[in-house]
Amino acid sequence: MRAVKNHDAVSNATRLERRQDVLDRIAFLVRQEEEVLAEKRKRIEEMLWAIHEANIGDFFETVDIDGKTIERPKRLSDLPPEISKNIEKIAISANGRLVPQLYSKLAASQELRKMLNIGGQTDRPETDGSRLSDAELIQQLADQAKQLGIEIDLNYRFESDE
C-alpha cells in the first residue's frame, strides 16, 4: 500500500514539475534565495573590511587631568556604533584601566582573501603547466613543437656508468 502511495506522489510531482507556472515559481524562489545569500555575503564582507580598516586611535582620546596630558580609552557610549562593533573584548590593564581590544586584522584579512579568492591556487594561469601530469605536459610540449615546426625528442635516458 505504501509503495502505491509513493508511486502516486512521484507521479504527481513529476506532472507538477512540467507545468510552466510551477517552474516559474521554483525559479523565483531560487532566485530569491540567491539574492538573500548575496546580501548576507555583502554584509559579512563589509564587516570584515571594517575590522581590517579599524584604527585603534579611534578608541582613545587625549585629556588633560591636573595639568597632565594623558591618553585614555574613550567611553563606549561616546563611540559611534560602526566603530564600537570592531571591539572584540575589553581588557583590564596593569594599572586597572579598561582597554578595548579589537578583532584581529590578520584574521579579517585572511577571511577577505578567501572570500575574494585573492592569492589562491586558482589565481595561477592554467597555461603555466603547474597542474598538468607529466604525460599531459610532455604532450603539450610535443604539440607546441609540432605547431612551430620544431623537431624535439622528449624522451630521456640515463647512461650507464660503464
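I count helices (H or I, at least four residues) and strands (E, at least two) as DSSP runs, numbered from the N terminus. From the N terminus on, I read the elements as α-α-β-β-α-β-β-α-α. That gives the chain 5 helices and 4 strands.

I note that the model is predicted: local features need pLDDT of at least 70, side-chain atom pairs count only at pLDDT 80 or more, and totals for chains, interfaces and linings use all residues. Residues are numbered from 1 along each chain as its sequence is written, and side-chain values use heavy atoms, with hydrogens and water left out.

**Confidence.** I looked up pLDDT, the predictor's confidence in each residue, from 0 to 100. The chain averages 84, and 87% of the residues score at least 70.

I turned to strand 3 (residues 87–92) and strand 4 (residues 98–102). They pair in the antiparallel sense over 5 bridges; pairing takes at least two bridges found by DSSP. Isoleucine 90 has proline 100 in strand 4 as its bridge partner. The hairpin has 5 residues between the strands, and glycine 96 takes a positive phi near 90° there.

**Helix 5.** I checked residues 134–148. These 15 residues reach 21 Å from first C-alpha to last, close to the 21 Å expected at 1.5 Å a residue. The expected span is 1.5 Å times one less than the number of residues. Just after helix 5, glycine 149 takes a positive phi of about 75°.

**Burial.** I found that buried residues (under 20% relative accessible area, 1.4 Å probe, protein chains only) make up 10% of the 162 residues in the chain.

Key. Buried < 20%, exposed > 50% of the residue type's maximum accessible area, 1.4 Å probe, protein only.
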